[in-house]
Amino acid sequence: MKIRKIKFKNIHSLKGEHEVDFSNGALSEAGLFLITGPTGSGKSTLLDIITLALYNRIPRIDSAISTAILEGDGGIMTRNAKDCYAEVEYSINGNIYRSHWSVERNRNNNLNPRKQELTEVISGNILDSGMTTVPKKNEEIIGLSYDQFVKAMVLSQGQFSKLLLAPRDERNKLLEDITGAKAYSEIGKAVFARYRKSKSAKEEQELKLGEIILIPEEEKRNLQRELTELDKTSPAIKKKYDVCKEQIDIRKNLIKQTEQYNLNLKEKEEFEIQLTAFNDKKLALTKHNKLVQYRDILNKNDQNNNALADIKNKENENNENLKNAISAKQNIENEIVKLIGKSHPEEKLLPELELFRKKVGALREKENLFNSNANLHKNLLESSLYELNLIIKETPVLTLNKIQTKQNEIKDIIGASGEKDLSALEKKISKLRENIETADQLTNAFKIYSENKIIISSKKDEYKKGLELVKKHQSEILKLNNENKELEAEVELLFHQDEQKKKLQSLDEHRNKLKKGEACPLCGSLEHPYTVSLPDFQEQTKNLLVTKRNLLEAKKELMASEKGKSEKQIETNEKFEAEILDWQKKSALNLIQVDLFFDKLKWKKIEDIVEIEKNLTDLRTTLNISIQSESAFKAEKSITQCLKFVNDWEKAITEFNKAKSEKENLYKGADIDYDVSAINNQFTLVLGDIKNLNKTGVQLSDEILNLSKQAKEFKRDLEAILIKEKISSIETLKELILEEKIVESIRIELQKNEEKRASLEATLKLNLKSLSEFKEKDDEKVSIETLNELFATSDIEWRTMENNKGAINQKLTSDRQSRERHKEGLLALELLKKDEVLWKTMNNLIGDATGKKFSNFVQDLTLEQLIGYANIRLQELSDRYILDIPTAQEADKNDSLKIFDTYMGDARRSVNTLSGGETFMVSLAMAFALSDLAARNVNIESIFIDEGFGTLDSDTLNQAISILEKMQNEGDKSIGIISHVAALKERITTQIKLEKSGAGYSSISIE
């Protein structure tokens, strides 16, 4: 994935529209470029633009960009800007895409909804649009999430030096944050919780099994025998119980049937009384059936009377409405006269009202014209004031005061510059910038020269110490050489003595054969002194010889060691001597460069870096003053223009107020068109209402006449019916004709009475039959008390037997169920034990309450991968160091990362012992390693490195740059470095420069 181009407008301090093309021009040709500028000028903003356009996020805000963040934090859109956008064009797998993000303010100064769009550049097709879907689509195409993108393409050294130097727990936490692998701690917690749950479930199941009580086998057999005996005696007891129960039931039924018969007789008597009371309803139903034929004419008469009453009410209401409409017409005529200021006949009122509207409308257009002119001049003035960083005031007078104050400030600034015109000032600024660049180079060169002097002095001290060490080693070698010669002589003597003793001892057999006075067969001597007594050989001679030999060997080894040290130190001294010579050459070159810079600046040579930096500060102060003066010269023209605009604004306001006053003298309302239209509509409507009401009044009079005629006809017909049926009045006739609901109710009640009569007679007949049957079966000789006693005895005997059988069956059934539950519980316990063993194993491996165990295990594996990638990168930077993870024994004492120093015999030590430059170099390797790790499946062709080069010495810095150049050339990558380091500016000549202006905004240029 390669970043081809970025375009943006009004982002952070970068006001206006800008474009940086990485695929064409100087940046494309160089591949390795520098992003440089003062603090706050917007260097990191270029990285924000990329992630904002792709993912709607920026590194300095730890969440997606929302309206609340844009309004609350104000960290994206340039202050006072109305809109902003960020756009990035990138290529991947031969395709080119453009991702665009934008937001703007509406006329109420509120933010409109943000927009985001993804386009395929070659075809011009819009692939997606929307704040939630475009980031996901970019992630899908690129193959990197936001976190992976930032870690793979934007390398921040501080984060990786923390990772490098942190202890294990802190290191794993940082690694977890960097890789986004936070789920493993949650897995560890979940495994721990699952183990606790399985263990608790097993223990609970064991408790449940312990609570199940089983009957012993012997007791179970006794219960079964007892149940068999009860089954044998059960039929006889049951028969006795059934006979007693049957006799009791017969007696009870006899008594019950007797009572029921008496009740039914009583119910029949009461029903006969009810039938007598129902006769009145029967009579009413008979009369209703005769007169119901007149219901229709009665209803029509009532409807006609009701309609006549309604029409009369409507006539009264219409008359009242007509009266109100005439009154409303008069009110509208009065309102027209009041508006236009004079009275006219009714037919001329509306034409005169229209003439008045046109006159007021002409005055209103004149007022609006002058108001538009005033707003136009005000907007032109506001735009010009914005360039001067001024805000327009409420009135021209207040604004003029503000402009005049600014004009005086500009004159003072121009006067401070000492230049009379802009051309001379621009030449001065150009010269100052050239001098500042030279002075900056001088400062860096002088620092390097001073550092070189310190290094030379340090190396001379080391060389002197090395000479003293050689001298010391040589002295020790001479001393050991003399001691070794003495020891060699002693060892030689002791060796001969030991050999002599061995020879004498080996000739004991021959010596014993020698006789006094006889010649020795070997030497011919006649005297044999050793046959009498042997020489005195001390016993400790052999032990002393071994000791002296061992001491001699030790001293020889020590002398060889001293010789090795001496030779190694001589080699080291030679290296120091060569290094001192190289550093002296470099220092001489630096001094020549320093002198050249002093000559170029025409400064007196100074040996104090503080004074040099003070001079540089003075130059920058002068430059800032000159830049302010340059802006002031340019602002002079804007001031003149602003004065003209404020004068035009004031004149337009005066004309506007005059026109407004003239209109208000004639008409004080808000909208003449609306008022006239409303009066016209009201007048037209009220005239229409009067006409319609008069017409309605005539129609209602006709309807009343017709309904009155029909009422007389109905009255005549009803009077004839009253005479025929001999009824006194129409009201009485209405009362005799019952409602259908009442008629239906009487008919239903009549049917029910007939049915109930038949039912009571049938029930009494059945009662008599049942009484006869029960009397035949009943034994009247036995009293009910005796029957109850016999039944109670048999009932107790039967229930006791059944209870005993039930209790035994219940025990046996409970035992069988308990055994089944116990068996199922054992199976469940076995499964729970297996589950507990499984999760206990998992918990032992990765589980704990905090999730730390599994997270550490995973992060240790990740760290191993990261260290592997880092060592590959580290070999490109230096062949001296190899990163490693601490062993278990080392971690008990110090769990920091370790480093093998191949220049010191593969000495193994903590990374905390590395110098600042070495730490940076290893951190850079880890940063590239994480980039490799985060983008294993994506070809990363654009990388940005944010700061971290300030800790490197010149050699390491050159080496780092060389490695970056090598990476760029071999991988055809585009590598951008954000830094303040001056040496980088000299080495990396292709630069994106950002410069801050006096107003707080920055400009961007590519050099």
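Is Glu 995 buried, exposed or partly exposed? At 37% relative accessibility, Glu 995 counts as partly exposed; buried means under 20% relative accessible area and exposed over 50%, with partly exposed in between (1.4 Å probe, protein chains only). Before going further, keep in mind that this is a predicted model, where local features need pLDDT of at least 70 and side-chain atom pairs count only at pLDDT 80 or more, while totals for chains, interfaces and linings use all residues. Residues are numbered from 1 along each chain as its sequence is written, and side-chain values use heavy atoms, leaving out hydrogens and water.

So what does Glu 995 pair up with? Glu 995 makes a salt bridge with Arg 433, their closest N and O atoms being 4.0 Å apart. A salt bridge here is a side-chain nitrogen of Lys or Arg within 4 Å of a carboxyl oxygen of Asp or Glu. This one links distant parts of the chain: Glu 995 sits in strand S14 (residues 991-996) and Arg 433 in helix H13 (residues 422-506), 562 residues apart. Helices (H or I, at least four residues) and strands (E, at least two) are DSSP runs, numbered from the N terminus. Arg 433 is partly exposed too, at 39%.

By that salt-bridge rule, the count comes to 30. Among them is the one between Asp 83 and Lys 9, at 3.2 Å from N to O. Here again distant parts of the chain are linked, with Asp 83 in strand S4 (residues 83-92) and Lys 9 in strand S1 (residues 2-11), 74 residues apart. Asp 83 is partly exposed, with 23% relative accessibility.

Asp 296 and Lys 300 form a salt bridge as well, with 3.5 Å between the closest N and O atoms. These two are four residues apart in helix H10 (residues 295-340), so about one helical turn separates them. Asp 296 is partly exposed at 47%, and Lys 300 is partly exposed at 42%. Elsewhere, Arg 4, Glu 87, Glu 89 and Arg 98 are linked in a network of salt bridges.

Now for a sheet. Three strands form an open sheet in the order S9-S10-S11, with antiparallel pairing; two strands pair if DSSP finds at least two bridges between them. S9 (881-884) and S11 (907-910) stand at the edges with a single partner strand each, so one side of each has no neighbour in the sheet. S9 pairs with S10 (residues 898-901) over four bridges, and Asp 884 stands opposite Lys 898 in S10.
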